[in-house]
Amino acid sequence: QVQLVESGGGLVQPGGSLRLSCAASGFTFSSYAMSWYRQVPGKERELVAGITSTGGSTNYADSVKGRFTISRDNGKNLVYLQMNSLKPEDTAVYYCYAEASLGPGWFNHYWGQGTQVTVSS
């Protein structure tokens, strides 16, 4: 029943832009912090950006700071990643991730299926 459905990935030239979207269903979206992670073959999955449940605070990996922006619309159960000034090093599978601490001993987390972003000439 829980779903995180990503869209917006694709091929883009260096210096270009993409906006990723993640549509959430099956859980109380407004209670969950949301994040974007990325992974390339042979490397560990790394945090790209995160946003609190209310959207009041964000954090970014140093490698994307100033280029990427995470945002959310709790009325539409959507989280976005706006990616500008893309570099070949940004090429990866991008995943959205939801997490919440529901109380003592309670923790829920969900992963999206991933969407490919390729930055190449």
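These legends accompany close-up views of a predicted model.

**View 1. The disulfide between C22 and C96.** The structure holds 1 disulfide. The bond joins C22 to C96, with an S to S distance of 2.1 Å. The angle about the S-S bond is 45°, and the link of C22 and C96 is right-handed.

**View 2. The strands that carry C22 and C96.** C22 lies in strand β3 (residues 18–25) and C96 in strand β9 (residues 92–103). The two cysteines are 74 residues apart, so the pair links distant parts of the chain.

View 3. In the chain of 121 residues, buried residues make up 38%.

**View 4. Strands and overall dimensions.** The chain has 11 strands and 0 helices. Its radius of gyration is 14 Å, close to the 14 Å given by the globule rule for 121 residues, so the chain is as compact as a globular protein of that length. The C-alpha trace spans about 50 × 30 × 25 Å along its principal axes. Of the contacts with a separation of 6 or more, 53% are between residues 24 or more positions apart.

**View 5. Surface and charged side chains.** The chain has 9 positive and 8 negative side chains. The centres of the positive and negative sets lie 4 Å apart.

Notes:
Residues are numbered from 1 along each chain as its sequence is written. This is a predicted model: local features need pLDDT of at least 70, side-chain atom pairs count only at pLDDT 80 or more; totals for chains, interfaces and linings use all residues. Side-chain values use heavy atoms; hydrogens and water are left out. A disulfide is a pair of cysteine sulfur atoms within 2.5 Å. Helices (H or I, at least four residues) and strands (E, at least two) are DSSP runs, numbered from the N terminus. Buried means under 20% relative accessible area, exposed over 50%, partly exposed in between (1.4 Å probe, protein chains only). The radius of gyration is taken over C-alpha atoms; the globule rule is 2.2 Å times the number of residues to the power 0.38. Contact means heavy atoms within 4.5 Å. Lys and Arg count as positive and Asp and Glu as negative; His and the chain ends are not counted. The place of a charge is taken as NZ of Lys, CZ of Arg, CG of Asp or CD of Glu.
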